[in-house]
Amino acid sequence: MDQTKQDEEDYGYDLFPDRNPKDKKQYFAQSLFTFNHKCRVMLQFAMETSPYAKLLLSAMKNSGCKIFKDRHFSCEDCDGTVSGGFDAASSQIVLCQNNIRQQGHMNRVVAHELIHAFDHCRAHVDWFNNYRHLACSEIRAANLSGDCSFYNEAARFNFGLKEHHQECVRGRALRSILAVRKISREQAEKVVDEVFDSCFNDHAPFGRIPHSKKDAKFAYRDYANRDRYYANL
Ligand SMILES: [Zn+2]
């Protein structure tokens, strides 16, 4: 789960002038269609251009878990301010079309959820019974998706310390767990702390923490070239 704060621009639907009910109904149906269409277009763009998404998609393909856009992604309306989620039962990534309004936000949500999908593919994750598994994947998703990259944090006016990235990752992992499981904050904190070091230092498949799009591009290039040296022997 990715409970992104409403930091995206407000499209101001609250301020839309009153219209008669018939028009309103039409407008509603039309806007649902528009949101769905926009969500699919932004998803396609993310899959083709975001280095985070491209790396994760090729890594999954190489692990035998090829992702199909129509089969494994679903643009839907969601409650509250949730941006997306990974449904392990159907191996589907849900993108909240009513809450994702900008390409940058879409790129981060796709990267975040693809990290869960990657973990689901490579390991036998017990999402429901083992909180340590869930915590580990949430730590990795917050750490590697750009959720806590400097730009995103700066946008939230959280300038600060060197350890800030770690604190951000810890905080976001906690929030994600509390959003999807009925456990106490103390219990969630304990689980996150227990697995933090090993999961924070597990950078697969990036090989580093991609703090920026540029880092992610380098990671993607290295990943794409990983066999080249041996191929030339
Ligand atoms: Zn998550």
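Among the contacts in this protein between residues at least 6 apart in sequence, 67% join residues at least 24 apart. The structure is a predicted model, and buried residues make up 35% of its 233 residues. The protein has 10 helices and 3 strands, and, read from the N terminus, these elements follow the order α-α-α-β-β-β-α-α-α-α-α-α-α.

**Packing of helix 5 on helix 8**

- Helix 5, which covers residues 131-144, packs with helix 8, residues 185-200, at an angle of about 50 degrees and with the two axes 9 Å apart.
- Angles under 35 degrees count as roughly parallel and those from 65 to 115 degrees as roughly perpendicular, so helix 5 is oblique to helix 8.
- Helix 5 passes helix 8 in a right-handed crossing.
- On the helix 5 side the residues that meet helix 8 are Tyr131, Arg132, Ala135, Cys136, Ile139, Arg140 and Asn143, and on the helix 8 side they are Val191, Val192, Glu194, Val195, Phe196, Cys199 and Phe200.
- Sorted by class, the contact of helix 5 with helix 8 has 10 nonpolar, 1 polar and 3 charged residues.

**Packing of helix 7 on helix 8**

- Helix 8 also packs with helix 7, residues 164-180, and here the angle is about 130 degrees while the axes lie 10 Å apart.
- Since only angles over 145 degrees count as roughly antiparallel, helix 7 is therefore oblique to helix 8.
- The crossing of helix 7 and helix 8 is right-handed.
- Helix 7 contributes Gln166, Val169, Arg170, Ala173, Leu174, Ile177 and Leu178 to this contact, and helix 8 contributes Arg185, Ala188, Glu189, Val192, Phe196 and Phe200.
- The residues of the contact of helix 7 with helix 8 divide into 9 nonpolar, 1 polar and 3 charged.

- Helix 2 runs over residues 51-62, and at 1.5 Å a residue its 12 residues should span 16 Å, which agrees with the 16 Å between its end C-alpha atoms.
- The buried residues of helix 2 are Pro51, Tyr52, Ala53, Leu55, Leu56, Leu57 and Met60.
- Just after helix 2 comes Gly64, which takes a positive phi of about 85 degrees.
- Helix 4, residues 103-122, has 20 residues and reaches 28 Å from its first C-alpha to its last, close to the 28 Å expected at 1.5 Å a residue.
- Helix 4 is mostly covered, with 15 of its 20 residues buried.

**Backbone features in the loops**

- Most residues other than glycine have a negative phi, and most peptide bonds are trans.
- Ser91, although it is not a glycine, has a positive phi of about 50 degrees, and it lies in the loop between strand 2 (84-87) and strand 3 (92-96).
- Ser91 has 14 other C-beta atoms within 10 Å, so it is partly exposed, given that a buried residue needs 20 or more such atoms and an exposed one has 12 or fewer.
- The peptide bond from Ala204 to Pro205 is cis, with omega near 0 degrees, and Pro205 has its place in the loop between helix 8 and helix 9 (213-224).

How values were computed:
Residues are numbered from 1 along each chain as its sequence is written. This is a predicted model: local features need pLDDT of at least 70, side-chain atom pairs count only at pLDDT 80 or more; totals for chains, interfaces and linings use all residues. Axes are lines fitted to C-alpha atoms, for helices over the stretch in contact, and angles run from 0 to 180 degrees between N-to-C directions. Helices (H or I, at least four residues) and strands (E, at least two) are DSSP runs, numbered from the N terminus. A crossing is left-handed if the near helix is turned anticlockwise from the far one by less than a right angle, and right-handed if clockwise. Two residues are in contact if their C-beta atoms, placed from the backbone, lie within 7 Å. Ala, Val, Leu, Ile, Met, Phe, Trp, Tyr, Cys and Pro count as nonpolar, Asp, Glu, Lys and Arg as charged, and the others, Gly among them, as polar. The expected span of a helix is 1.5 Å times one less than its number of residues.
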